[in-house]
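Please read them with the model open beside you.

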Amino acid sequence: MPKPSLTLLALESRAVPEFGAFIGAVPALLPFAPRGNGRPVLLLPGFMASDTSTAPIRWYLDKLGYSSYGWNIGRNVGPTDFILDALAGRIQELVEQHEQPLSIVGWSLGGIYAREFARLAPDHVRDVITLGSPFQMEDPQTSNAAPLHELLRAQYSHNVVLPRIPDKTREDLPVPSTAVFSRSDGIVNWDHCVDVPCRRRENIEVYGSHCGLGHNPAVLFLVADRLAQSPESWKPFRAPRALRHIFPDSSHVTAR
């Protein structure tokens, strides 16, 4: 499969005005969003990003009453032994601090980490939300981030399998999961970011860029809605009538 087109890549500049939309939309979104109860939420940044990128969504979740956290590991240069070990320690630290499992929201590569840790330590993970995460991707060369990935690849852990085994061929995640994607993603192919829908597993489409997903108003509302779900009584996402215009119909989307 080819990379996303150069046109879509150029359109990633939309992330800047999307941040302006975030600032304007937050006062209107807050009354619609369900409130948290102090539960812990860990936010994982995408490839080559840091906690700075997840600051807007962490601020939003804190306003709703959640206890949100960055990963505190610095820049996400890829799955090095240091990053994987530090992330495992961060998850353990927060689980012990709150005496309950974490919700994990992972952006792009951060979402792949989130899904892997949900498999490795399901007792530590309450649910997983991925934002433009290409967990079905086998060959990193099908991403527009491939040049940087190749530059850093020699540093990656020997425990990481490349080419990747796409998630659709693996065992189901043991926790509820929501995969958020955009068909106009200019970094990764959107259909690498969707799952096979089934009980406690769904795909939700939004309008926007890959680089703007962490402050996309539709994503913010969606994340708050999903975090409010109980794993025991989990139900698929349904946008409220007043917000349906910002969510395309993705009920028919499935991994190929």
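1. In this predicted model, helix α3 (residues 55–63) packs against helix α7 (residues 217–227) at an angle of about 50°, and the axes of the two helices lie 11 Å apart. That angle makes α3 oblique to α7, because only angles under 35 degrees would count as roughly parallel and those from 65 to 115 as roughly perpendicular. The crossing of α3 and α7 is right-handed, and the contact is made by Ile57, Tyr60 and Leu61 on the α3 side and by Leu220, Phe221, Val223, Ala224 and Leu227 on the α7 side.

2. Helix α4 deserves a check of its length. It covers residues 81–98, and its 18 residues should span 26 Å at 1.5 Å a residue, which agrees with the 26 Å that separates its end C-alpha atoms. Just after α4, Glu99 takes a positive phi of about 55°.

3. How are the buried residues of α4 placed around its axis? The residues concerned are Ile83, Leu87, Arg90, Ile91, Leu94, Val95 and His98, which are buried in α4. They cover an arc of only 125° around the axis, and therefore lie on the same side of α4. As background, an α-helix has 3.6 residues a turn, so residues three or four places apart point the same way.

4. Phe82, Asp85 and Glu96 are exposed and sit on the face of α4 that is turned away from its buried side. The buried residues of α4, for their part, are covered by elements that include β1 (40–44), β2 (67–69), β3 (102–107) and α5 (109–120).

5. From C-alpha to C-alpha, Ala88 is 29 Å from Lys235 in space, while 147 residues separate the two in sequence.

6. Is His149 buried or exposed? His149 has a place in helix α6 (residues 146–152), and its relative accessible area is 14%, so it counts as buried, the cut-off being under 20%. Val175 comes 26 residues away from His149 along the chain, and the C-alpha atoms of these two residues are separated by 29 Å.

Technical notes
Residues are numbered from 1 along each chain as its sequence is written. This is a predicted model: local features need pLDDT of at least 70, side-chain atom pairs count only at pLDDT 80 or more; totals for chains, interfaces and linings use all residues. Side-chain values use heavy atoms; hydrogens and water are left out. Helices (H or I, at least four residues) and strands (E, at least two) are DSSP runs, numbered from the N terminus. Buried means under 20% relative accessible area, exposed over 50%, partly exposed in between (1.4 Å probe, protein chains only). The expected span of a helix is 1.5 Å times one less than its number of residues. The arc is that of the directions from the helix axis to the C-beta atoms. Contact means heavy atoms within 4.5 Å. Axes are lines fitted to C-alpha atoms, for helices over the stretch in contact, and angles run from 0 to 180 degrees between N-to-C directions. Angles under 35 degrees count as roughly parallel, over 145 as roughly antiparallel, 65 to 115 as roughly perpendicular and the rest as oblique. A crossing is left-handed if the near helix is turned anticlockwise from the far one by less than a right angle, and right-handed if clockwise.
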